[in-house]
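Colleague: I have some labels to check against their cut-offs. Please show me the model.

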Amino acid sequence: MGTSAQVTLDSRTAAKVEAEALVSYVFESEKEGKAVEGAIAELDQAAGGALAKLAAAGELTGKMLEFTLVHFAPGIAAQRIVLVGAGKREKFGTAELRRLASAAVRYLKSRSVKRLAFLAREGQRSAEAAQAVTEGLILGNFDGDKYRTDKKNPPLESVALVGFEPAAQSGIERGRIIAESQNFTRELGNEPSNLLTPRLLAERAEAMAREAGLAIEILDEKRIEALKMGALMGVARGSVEPPRMIVITYTPEKSSPGAPVLGFVGKAVTFDTGGISIKPSNDMEKMKFDMAGGAAMLGTMRALARLKPVVKVIAVIPATENMPGGRAQKPGDVQIAMSGKSIEVINTDAEGRLILSDGLAYARQLGATHLVDAATLTGAIVVALGNVNSGVFGTDSAFTERVLASARRAGEKMWHMPLDDDYRDLIKSTIADIQNVGSGRGAGAISAAWFLREFTGDTPWVHLDIAGTAWLDDAKPWAGKGGTGVAVRTLVDLAMSFNGRG
């Protein structure tokens with residue numbers, strides 16, 4: 001899973017650290033040779049001016065993620081110096097630092113480097129910076145090659161962080177926990193659907209919860225039926241694989257009556273054919289990751305069990321397949337959700353919102369005072385935002401801003417989408433309370449969010465549509481193809497910053 005690399009602080013000067021590679025970064029500068037300054041200038045002095053010569057020759061441009069490799073520099077104990085372009089200094093922050101560290105690991109893994117050192121730059125030596133670097137290193141060390149017999153690149157084994165403050169140790173620990181949990185989410189997202197059915201996902205969740213010391217309850221199809229979760233059962237009917245409702249609870253050591261409770265609800269359709277409204281065959285194999293929202297909640301709970309926020313958190317994950325079997329629901333059917341609302345099913349491929357409706361209602365019943373759901377919900381959000389930003393919808397402006405602030409701190413790009421009352425008419429049904437898709441072709445992501453809003457009552461609620469950001473179709477310098485684990489860092493930050501008063 002790429003989580004075994006040991007990350008430690010090293011108090012020695014960079015030139016004296018023995019490693020297969022010493023990594024640092026340089027900024028773009030309008031002045032020739034200006035890239036060699038601060039910590040890089042000190043390194044250059046130890047190397048006899050070798051780096052300054054590269055800069056003078058125009059080989060150290062500082063352009064984002066441009067790599068310069070120097071072998072066996074005199075006066076440097078490391079076998080290689082790797083200088084990574086960091087772009088413009090004024091645009092550089094922890095998000096860029098995290099991505100840069102990931103890219104450096106992937107660059108060096110392809111060269112079979114197992115031991116490296118990472119040199120901090122001036123202004124980026126704090127615990128926060130160490131957390132970002134550690135997250136980047138561990139995320140970059142992940143390879144989705146679990147089922148390959150010819151694994152290409154050996155995993156990174158150890159990293160020494162050089163030039164950081166002593167207090168940075170806490171950032172290393174926090175970064176390791178969060179990144180390993182995000183990789184746990186990525187691994188689940190990559191699993192083929194025959195090896196991660198709803199029952200198998202529940203087993204993986206139970207194993208994680210037991211190891212982490214979290215309370216867990218798995219509702220089988222009989223309990224789901226008994227709780228009258230008709231929307232979830234309607235989706236599940238077409239598959240021979242029975243559904244599961246996974247409920248994981250983190251309870252802080254000190255909790256007071258009336259304290260807020262975060263409810264995290266994640267869509268987990270372990271394979272989505274579209275049902276009777278079947279999808280085209282092109283790219284259907286990717287629908288194994290239609291459980292990415294549920295996987296994000298599992299990764300988040302794994303991290304929170306170790307980081308121990310002061311707020312209680314309940315994760316509710318409805319899990320099912322969406323298949324076109326003989327018992328499958330059909331367009332025009334009416335399902336009665338747990339909340340009692342009747343739903344006209346216009347399109348069986350709009351199934352995620354159906355199972356989330358029961359998940360949201362159940363989270364409220366369990367006592368959640370603030371709700372966040374994450375789901376690979378609509379193709380419309382991909383049309384609107386591409387694969388860069390996740391869509392954010394919310395009913396409470398203050399709570400929505402808290403989620404967006406957490407996303408900014410976590411380095412996950414999210415964009416606030418509208419949820420005006422005018423859009424409500426899109427989901428009006430002539431025979432039921434609501435229908436599961438909007439009328440007309442426009443505002444598909446918004447009508448889906450409005451559908452979910454119907455099941456949140458007056459509870460502050462935020463919806464994350466991660467359809468465009470949960471999966472990478474092509475490898476990037478900082479990440480391989482496959483699941484991204486998006487939303488884990490944001491939700492962890494939200495819970496950790498959520499005090500006992502809400």
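Colleague: Why is Asp493 called buried?

Modeller: Buried means under 20% relative accessible area, exposed over 50%, partly exposed in between (1.4 Å probe, protein chains only). Asp493 has 13%, so Asp493 is buried. This is a predicted model: local features need pLDDT of at least 70, side-chain atom pairs count only at pLDDT 80 or more, and totals for chains, interfaces and linings use all residues. Residues are numbered from 1 along each chain as its sequence is written, and side-chain values use heavy atoms, without hydrogens and water.

Colleague: What makes Arg409 partly exposed?

Modeller: Its relative accessible area is 45%. That value falls between the two limits, under 20% and over 50%.

Colleague: How do you know that Asp493 and Arg409 meet in a salt bridge?

Modeller: A salt bridge needs a side-chain nitrogen of Lys or Arg within 4 Å of a carboxyl oxygen of Asp or Glu. Here the N to O distance is 2.7 Å, so the pair qualifies. Asp493 lies in helix 14 and Arg409 in helix 12, so the bridge ties together parts 84 residues apart in sequence. Helices are DSSP runs (H or I, at least four residues), and strands are too (E, at least two), numbered from the N terminus.

Colleague: Which residues form one network through shared partners?

Modeller: Lys146, Glu187, Glu191 and Arg204.

Colleague: What makes Glu351 and Lys267 a salt bridge?

Modeller: The N to O distance is 3.4 Å, and the limit is 4 Å. Glu351 is buried, at 1%. Lys267 is buried as well, at 2%.
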